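Subject: Structure handover

Hello,

Please find the structure below. My notes on it follow.

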Amino acid sequence: MTRIGVVVFPGSNCEYDAVAGVSQLGAQAELVWHSQTDLSAFDGIILPGGFAHGDYLRPGALARFSPVMEAVARFAAEGGPVLGICNGFQVLTEAGLLPGALQKNRGLTFLCQPTTVIVTSTHSVLTSGAILGQELVIPINHFSGAFTCDDATLKTLEDNGQVVLRYKDNPNGSRDDIAGVANLAGNVVGLMPHPERAMSTLLGSADGRVLLASFVTANVPAA
Amino acid sequence: MSSAPEPLHRALGLTDPELEAIRSVLGREPNHLELALYAVMWSEHCSYKSSRIHLRRLPTTAPHVLVGPGENAGVIDAGDGIAVAIRIESHNHPSAIEPYQGAATGVGGILRDVFTMGARPLVVMDPLFFGELTDARQRWLVEGVVSGISGYGNSVGVPTVGGELTFDDCYASNPLVNVLCAGALPTERLVLGVASGVGNLAVLLGSSTGRDGIGGVSVLASAGFEGSDGATSLDDAKRPSVQVGDPYEEKRLIEACLELLDHGYVVGIQDLGGAGIVCATSETAARGGVGMDVDVTAIPLREPAMQPYEIMTSESQERMLAIITPENWPAVAALCAKWEVRATIVGHVVEPTPDKDGNPVGMLRVRHGFDGEILAEVPAKSLADEAPLYDRPRQRPANLDAVRADDPTDDEPVGSPNEDLLGLLVDPAWVYRQYDSQLFLNTVVGPGRDAALLRLAGPGLPISERGIALSTDSNPRWCALDPRTGTALTVAESVANLACVGATAKAVVNCLNFGNPEHPEVMWQLSEAIDGMAEACKGLGLPVIGGNVSLYNESGGNDIDPTPVVGLLGVVDSLIAPPPGWAWREGDTVVLVGARRAAGDQPFPLGGTRWATRRGRRGGRVPAFDAATFATTAAFVAREIAAICAGRPSDVTAVHDVSGGGLAAALGEMVAVTGVGADVTELESHGELFSEFPGRFVMATNDAGSFVDRARASGVAVVTLGTIGGARLRIGGQVDLSVQQIVHRREAALVEALALDA
């Protein structure tokens, strides 16, 4: 059984939802306190949504200094699957494990609403089980979710197929409608939408299952 | 100018007879600190001294009630070993002055009330009332309050799943910001705010104590805004009484407290809200019948040179008081260190002291060091429970008969019903999109519908298939005309909302927002409203398990319209499929379920309706309330929808309660969210389009014959209104609008009124 560690910073709040999401897909999930430095027991790591360290300074700016982040960097460098959802994505960009940055939404308000995202690359641990061009209904829930990066980075991301998800109808002003990106190897992925909130039609959508199912089987196809 | 200095007790908000009462309790002259303690604890906000004798008339018991009024939150047994705690509060005056922080700390305070009971807060709802948005100050208040709720609630990690949004000039200088929170816990973990066990320790958890919020309950919450321009003129003078919130501190405090409770480390726990440390220590000691020594020098401060009265009465946010045994202190300290939550021993539980007749009295002693000088020594119970109770003069408003006689029901309709209908449609999405409504994966029906519906699940809870439903409702237009019937109808409206998501109502909480209780007309309104609530709750078998009374909602001598807010909690026994909501489909038959005409002599009353109010017609009579017919109808609808939630096949495809804006608005809203039109038969009059009285439901079915048979078999009236489909909403010869027009006007209404770029 796949063992997934879900990192908990003080101020995280989607940790139980992330555990519930991957557990439904047969993975064994466990909370990992942010002071922990050994992740060797895990097959994959999730940085969940929330407000790590209160999002003081700016989202993710303090969390990158939590002791667990050195371990996450090592885990990623060894090819381990790492997924940052929402605040977790912000932490991964601040930690330099993913390119770009997340800035305040275009309308300067928090947005919690369903969005439709399009799978634009299957070369990642999050999208390997999805179909290129597939449309998925997955909610967003953030204030600082507008992806941004410089022109050179954007070109690199596009050339290498690192943009894994795009919004169909851009809700927050993200550059090039980007909703999720991966590192070059495809084993580290961040996205602003919450796939763990789209696991059941009772709650509005089950489209997140294809993404988390890819992640728990952690199958990175060759480029 | 007056030259005599004001006596200290009056400056603190105590009256001369109250000073006499304190002297008689103590048998001596109180010192400055003691006076300050009484002033906050005997404030209207803490003591309910003007309302308590009336609140006793509310029914409060039922077999499933585990905790009724008087504790931090009411608690019911929801089944499957799960208890649900619920509480509602107001943060009106702080929000009038500092909308972001006022609203934010309102959320923080209500969460602490709920996790104090051992429950994890799972859901927040926010009924909000402002003046008309043509006024720039109102737009500033709306944006500030909504972003305060969003900023605090989202960050602290509790979903906000609903509320209400009301605009009326009576709130222009005194907006209302109410907040409801519900949480769940395994039934056996229920804890109460009781100090017991002589030798036990009182541990202060969370933030340090500062000068923010000193006198919040007495300066802000227990007096009106007096300037001729209301709140505006007093902004600067009263702003220091508003507390400042830190959701990150609160989040860690919640997690630490729930973990302390999981481990069984605490004997009792109490939040620090209004009146701060003095309130928490005196209430826990009074409930436990023990004494408490508080070392004022032990309390961590964030500012130098604070006086003992400031330390004891500060309303600094994000603090809790835990009563623990001395053996558990090392474990408590370690657990709090993990969550980066400050924990400090500030008090000792001590033996009661014999009074002059030898009866044991639990004394609250404030000391300079545990063995040091005694700065204040008063019976804890006298602070917590023995404030004077007032039966203030009540008087029916002299102009009420004239107001009721000025009835819009028989007005000749002027203008186009098309335009009337469009003007009644407001999509509140701009507000609720700013709230995380989904955290914890429980939200089946979120904001913007009849009622919120959630799975009854959360970390640490037993597995259950049940759901809980919540609605908050108010109708100040009705209550201004007739507070008694208006409040009864408001309770019914809430029950009807719950029926739309298949839930059976279980318990009521209320937030009674009224004007100045020293105005006899206001006291009459309050007393009538409580009677109306008592009648409706008794008629519908509902216990009232908690509440809040917010008085002095006035400015420049003008009281708000009476605004009792009802919070209703219900249960769905099996929730495995979503209820149908408003989503009718092409080809369905649309029916009106429930009594077509109101009880009494007016079949389609328009007094107090949104239709009449928009025309500046605020008089008239409210509909009579027929509890028996209403209850039969609501129970039938709840049964029909509950069957769908339980996964059983049904011909019912949509349901919506007829409320604000009447039948026309209900149909318009269903058209707006589905994008599918309807062809509805001619109605009796414009009154039938816009009349508002609870107990009617618009439903859609794909097997009208079967549905009508079931309704009639249950003794419920039903009439066929028409057919779903097409790109227009037609109601006889009265209304003819394109779906596109309806969708656009509803979506744009709020954004345009707020003068925002969409």
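Glu143(B) sits in helix α8 of chain B, which covers residues 136–156. This is a predicted model, and what follows should be read on that basis. Glu143(B) counts as partly exposed because its relative accessibility is 36%. Leaving out residues up to four places away in sequence, Glu143(B) touches Trp430(B) and Leu756(B). Another residue to look at here is Tyr100(B): 43 residues separate Tyr100(B) from Glu143(B) in sequence, while their C-alpha atoms are 8.3 Å apart in space.

Next, the interface between the two chains. Chain B contributes 31 residues to the contact and chain A contributes 26 residues. The area buried between chain B and chain A is about 2,400 Å², and carbon and sulfur atoms give 62% of that area. On the chain B side, Tyr248(B), Arg433(B) and Leu441(B) supply 27% of the area that chain B buries against chain A, more than any other three residues.

As for polar links across the interface, nine residue pairs are in polar contact between chain B and chain A, with both residues at pLDDT 80 or more. The count of salt bridges between chain B and chain A is one. Asp436(B) forms a salt bridge with Arg197(A), where the closest N and O atoms are 3.0 Å apart.

Which elements of chain B give two or more residues to the side that touches chain A? They are α8, α11 (247–262) and β16 (443–445) of chain B. Of the residues on that side, α11(B) gives the most, with four residues. Sorted by class, the side of chain B that touches chain A has twelve nonpolar, nine polar and ten charged residues.

In chain A, one helix to look at is α3 (residues 87–94). Eight of the eight residues of α3(A) are buried, so the helix is largely enclosed by the rest of the structure. The buried residues of α3(A) run from Asn87(A), Gly88(A), Phe89(A) and Gln90(A) to Val91(A), Leu92(A), Thr93(A) and Glu94(A). Just after α3(A), Gly96(A) takes a positive phi of about 80°.

Back in chain B, Thr209(B) lies in the loop between β7 (201–206) and α9 (216–220). Is Thr209(B) buried or exposed? Thr209(B) counts as buried because its relative accessibility is 0%, and the cut-off for buried is under 20%. The side chain of Thr209(B) makes a polar contact with the side chain of Arg319(B), at 2.7 Å. Neighbours within four places in sequence aside, Thr209(B) is in contact with several residues, including Leu204(B), Ile277(B), Ile299(B), Pro300(B), Met306(B) and Ser316(B). Arg319(B) is in that list of contacts as well.

Regards

Definitions and conventions: Residues numbered from 1 in each chain as written. Chains lettered and ligands numbered in written order. Predicted model: local features only at pLDDT ≥ 70, side-chain atom pairs only at ≥ 80, totals over all residues. Heavy atoms only, no water. Buried < 20%, exposed > 50% of the residue type's maximum accessible area, 1.4 Å probe, protein only. Polar contact = N/O pair within 3.5 Å; in protein donor to acceptor, adjacent residues only side chain to side chain. Contact = heavy atoms within 4.5 Å. Buried area = accessible area lost by both parts, 1.4 Å probe. Salt bridge = Lys/Arg side-chain N within 4 Å of Asp/Glu carboxyl O. Nonpolar A, V, L, I, M, F, W, Y, C, P; charged D, E, K, R; others polar.
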